[in-house]
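Here is a short briefing to read alongside the structure.

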Amino acid sequence: MADGQIKSVTCKGRALDMDFDDSYEILHLHTDNYFKVNFSAIDFTPKGIMNPCKTVKGMYARVYYYHIKGHPHEGDLISVQLRK
């Protein structure tokens, strides 16, 4: 788990790559299918339908991910809790 800011998001098909700044390091997070990642909002209500490929860059969040063995700054994305 990490708390910080989403710095960039790149999507290709259903695959999503995210650079996430947790104030200590930049984490490179990935999922092959972002439809399987649980996105939620804490302490605010998003306007309309959120598209993680277009609307979450720059937002603060808590991310949950699995570490990739042998790659300390990379992980497989599990869930994203967006915050104001």
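**Strand β3: T31 and H30**

T31 is found in strand β3, and H30 has its place in that strand too. Please keep in mind that this is a predicted model. Confidence, the strand residues, the sheet pairing, the core and the disulfide each get a group of points below.

**Confidence**

- The mean pLDDT of the chain is 94, and 100% of the residues reach at least 70.
- Strand β2 (residues 15-21) has the highest confidence in the chain, at a mean of 98, while strand β4 (residues 38-42) has the lowest, at 93.

**T31 in detail**

- Is T31 buried or exposed? T31 counts as buried because its relative accessible area is 9%, and the cut-off for buried is under 20%.
- Beyond residues up to four places away in sequence, T31 touches R14, A15, L16, V37 and L77.
- The T31 side chain also comes to 3.2 Å from the backbone nitrogen of N33.

**H30 in detail**

- H30 has a relative accessible area of 24%, so it is classed as partly exposed.
- Which residues does H30 contact, leaving aside neighbours within four places in sequence? They are A15, L16, D17, G75, D76 and L77.
- One of these, L16, has its backbone oxygen 3.4 Å from a polar atom of the H30 side chain.
- The side chains of H30 and D32 are joined by a polar contact of 2.7 Å.
- For a sense of distance, the C-alpha atoms of H30 and V9 lie 9.7 Å apart, with the two residues separated by 21 residues in sequence.

**Strand pairing around β5**

- Strands β1 and β5 form an antiparallel pair with four bridges.
- Within that part of the model, G4 has A61 in β5 as its bridge partner.
- A61 in turn has a bridge partner in β6, namely L82.
- Strand β6 (residues 71-83) runs antiparallel to β5, and nine bridges join the two.
- The hairpin of β5 and β6 has two residues between the strands, and G70 takes a positive phi near 85 degrees there.

**The nonpolar core**

- The largest nonpolar core has 19 residues, and those touching the most other members are I6, M18, F20, V63 and V80.
- Which elements give two or more residues to this core? They are β1, β2, β3 (26-31), β5 and β6.

**The disulfide**

- How many disulfides are counted? The count is one.
- This disulfide joins C11 to C53, with an S to S distance of 2.0 Å.
- The link connects distant parts of the chain, 42 residues apart: C11 is in strand β1 (residues 2-12), and C53 is in the loop between β4 and β5 (60-68).
- The link of C11 and C53 is left-handed, with -95 degrees about the S-S bond.
- C11 is partly exposed because its relative accessible area is 28%.
- C53 is partly exposed as well, because its relative accessibility is 21%.

Definitions and conventions. Residues are numbered from 1 along each chain as its sequence is written. This is a predicted model: local features need pLDDT of at least 70, side-chain atom pairs count only at pLDDT 80 or more; totals for chains, interfaces and linings use all residues. Side-chain values use heavy atoms; hydrogens and water are left out. pLDDT is the predictor's confidence in each residue, from 0 to 100. A disulfide is a pair of cysteine sulfur atoms within 2.5 Å. Buried means under 20% relative accessible area, exposed over 50%, partly exposed in between (1.4 Å probe, protein chains only). Two strands pair if DSSP finds at least two bridges between them. A nonpolar core is a set of buried Ala, Val, Leu, Ile, Met, Phe, Trp, Tyr and Cys residues joined through side-chain atoms within 4.5 Å. Contact means heavy atoms within 4.5 Å. A polar contact is a pair of N or O atoms within 3.5 Å; within protein, one must be able to donate a hydrogen and the other to accept it, and residues adjacent in sequence count only if both atoms are side-chain atoms.
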